[in-house]
Amino acid sequence: MQFSNPDIDISELPKAEESKLVLVDERYYTVVSYNQVLYWCIFFLITLIVMIVNREFHSWMIAGITLLGFAVLCFLNFRLTYLAFKNKAYAIREHDILYQTGWLRKSLHVCPYNRIQHCSVDAGVFERNLGISKLRIFTAGGNDTDIIIPGLRPEEAHSLRELIIRKNQQE
Amino acid sequence: MNAGIWGEFSRQPFMAVWQILFKTIVQLLKAIWPFILLVLVRSDGERDIAGEIIFILFPIIAFVAAFVNYLFFRFRVTDEEIQVKSGVFSRKQITLPLHKIQAVHINQNWIQKILDISEVAFDTPGSADAEVKLQLNTLQAEKLMSYVLNHSKEKESNENQAQLISELSFKDLLKLGLTSNHFETLLIVIGIFLSFLNSIKDILDDYKEDLLEVSTNQILESSILFIITGILALTLLSVVVSLFRTILAYINFQIKKTVQGFNIDKGLINRSQKLVPFEKVQYVSWKTNWLRKKISMYLFEFHTIGGNELKNNLKIKVPVTSELILQKLATAYIPDIPEQFANNLKVHPSYLYRSMLFFGILPTVILAIPLFLFADEKALLLVLLPLYAFLYFWLYSKKFLFSWTSNLIHINTGVFGNRTVILKWGKIQSVKISQSLYQQRKFLADLIIHTAGGTITAPYIPLEAARELQNFALFKIES
């Protein structure tokens with residue numbers, strides 16, 4: 001066999017950043033919102049109890065400042081979550097899977113099929129009610145290297161999982 | 001070697017009971033030593049029946065636990081896998097396929113040495129600690145090690161001509177010990193002292209606690225001369241402890257290159273033997289400090305699967321005493337390492353200012369205001385934090401150099417020392433580009449490279465370069 005070692009033009013390589021990304025289903029935002037409402041309700045109740053029990057809060061000004069701070073934090077959290085949701089997108093390519101996430105810190109994670117250890121499809125209570133699932137992709141690189149794509153229809157998630165397993169075996 | 005010895009489920013050698021007993025006692029002592037101290041301190045010459053019962057029960061419980069542990073621990077080794085069954089109330093069965101084993105370690109502490117047994121530990125992907133540990137006769141342990149490695153390597157040549165790469169003389173050990181990180185040791189010494197003080201405080205009476213408070217305050221308020229003497233004594237203690245730690249860790253150190261990989265042997269009281277198969281190494285790195293560089297001394301590390309989650313005693317670190325040995329170790333991972341690189345990237349200057357802002361100035365402002373208001377002028381000492389942050393990030397951005405060829409990635413980094421990392425493109429698991437809002441505006445990005453041995457980050461590099469590197473990494477992995 002004749003050995004060859006030609007130069008590679010990096011600019012000619014397929015560009016991950018130019019891939020057409022598919023946005024995550026809107027129903028996923030509903031799930032996130034349910035979770036947030038639940039979280040903020042609990043947080044609000046605790047704040048309220050602390051305010052009732054603690055005499056220092058028995059003044060309109062302090063109570064007002066606390067509630068205002070609470071409202072600002074709540075608004076910021078909802079807004080940032082919405083912006084982050086709008087940036088969640090994925091793409092399936094021939095040899096790898098792309099997942100974009102985050103708004104305050106935006107990231108594009110690319111994981112080749114031949115590096116995937118295993119993958120699973122699961123759904124929480126809210127997700128099951130809304131008919132969506134999430135696909136978890138595990139690599140050998142530890143916890144922060146795993147990709148979780150939420151907001152997929154169950155059949156879509158399962159066929160994606162099948163595809164990944166098939167590709168993984170081929171490569 | 002005959003696998004039939006362990007073809008059927010069998011127990012460990014009976015001598016292992018004593019090692020298990022020793023381990024159980026150490027664990028129990030670690031958990032209840034403040035209580036024992038309390039019993040001793042409070043006895044005041046009077047009979048303490050509860051204390052006596054505990055002292056009698058303690059060894060009995062430990063022995064029963066060790067014996068039951070020994071009795072219910074069975075293992076077997078087949079051509080395909082190692083199986084372990086253990087546990088009394090909750091039964092546990094572990095099956096470890098031989099081809100999944102990344103490295104095998106043989107450890108022997110002083111008690112095992114007396115009993116002539118060794119602990120064989122197997123590293124597997126995805127677990128921070130060794131998943132399976134077996135106590136075997138030393139000879140059996142060595143046989144099992146070579147058996148497992150032969151089978152995990154898909155029937156490669158069984159010739160095992162070991163070539164000695166490096167060993168450490170006593171002079172090398174002294175050099176290594178004297179040039180180690182004494183600051184780290186100092187922190188450990190202070191940490192141990194404080195935790196000891198804390199544990200004592202917790203268990204003593206109010207009276208004795210007051211006494212301790214008084215003596216601590218007296219120390220703090222005593223003369224500058226006393227403080228200087230104290231600092232000098234602590235520094236000296238740190239140097240002695242560092243030297244002692246290094247000698248204990250690396251005495252009888254030898255590294256040999258075999259067909260299967262690197263064989264590392266070390267230790268006097270606690271003996272340890274590790275075999276690192278070449279193909280299981282994800283990336284290599286070596287570090288040195290100013291002093292060590294002067295005498296060509298480095299600490300080389302093989303990063304195998306498990307990465308940063310690995311416990312320190314499972315990390316594979318090799319002290320290197322010359323650049324030639326360093327070259328031998330690095331070229332075993334990848335043969336062609338150029339001296340100079342055509343493609344280099346440095347950290348953008350804004351990295352220094354942004355890091356200063358987030359890790360120096362902001363925490364100082366946030367902490368200084370309440371401290372200044374509610375504590376006293378000592379809060380002004382916080383001003384040192386931004387200065388330290390500046391020095392830290394300035395040194396980091398000055399030293400950071402990300403270089404690559406079509407075969408490898410080469411990173412020079414470090415803060416107070418120098419660290420070099422070499423990674424083959426093919427060992428990458430996934431690649432991520434991450435950008436904060438500021439980086440998005442400035443067209444900068446962090447390139448995060450995940451390998452099975454840990455994560456490597458190139459912060460604040462031009463976005464275009466990060467994308468090119470990401471695409472090139474994917475090309476190398478997928479083609």
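This is a predicted model: local features need pLDDT of at least 70, side-chain atom pairs count only at pLDDT 80 or more; totals for chains, interfaces and linings use all residues.
Over the whole structure, the search returned two cavities of 30 Å³ or more.

On the surface of chain B, a nonpolar patch is formed by B:Leu357, B:Phe358, B:Phe359, B:Ile361, B:Leu362, B:Val365, B:Ile366, B:Ile369, B:Leu373 and B:Phe374, which together present about 1,000 Å² of accessible area. One of these residues, B:Phe359, is located in helix H11 of chain B, which comprises residues 350-374; with a relative accessibility of 53%, B:Phe359 is classed as exposed, because the exposed class begins over 50%.

A:Cys74 takes part in no disulfide, the nearest cysteine sulfur being that of A:Cys41, at 8.8 Å. For A:Cys119, the closest cysteine sulfur belongs to A:Cys111 and lies 10.0 Å away, which is too far for a bond, because a disulfide requires two cysteine sulfur atoms within 2.5 Å. A:Cys74 has a relative accessibility of 19% and therefore counts as buried, since the buried class covers values under 20%, and A:Cys119, at 11% relative accessibility, likewise counts as buried.

Methods. Residues are numbered from 1 along each chain as its sequence is written. Chains are lettered from A and ligands numbered from 1 in the order in which they are written. Side-chain values use heavy atoms; hydrogens and water are left out. Buried means under 20% relative accessible area, exposed over 50%, partly exposed in between (1.4 Å probe, protein chains only). Patches are made of residues with over 30% relative accessible area and no salt bridge: like charges are joined within 9 Å, nonpolar side chains (Val, Leu, Ile, Met, Phe, Trp, Tyr) within 5 Å. Accessible areas come from the Shrake-Rupley method with a 1.4 Å probe; for residues, only the protein chains shown count as cover. A salt bridge is a side-chain nitrogen of Lys or Arg within 4 Å of a carboxyl oxygen of Asp or Glu. Helices (H or I, at least four residues) and strands (E, at least two) are DSSP runs, numbered from the N terminus. On a 1 Å grid over the protein atoms alone, a cavity is a set of points where a 1.4 Å probe fits but cannot get out, and a pocket is an open set with protein on both sides within 12 Å along at least five of seven lines; lining residues have an atom within 4 Å of a point. Grid points are joined across faces, edges and corners, and a volume is the space filled by probe spheres set on the points.
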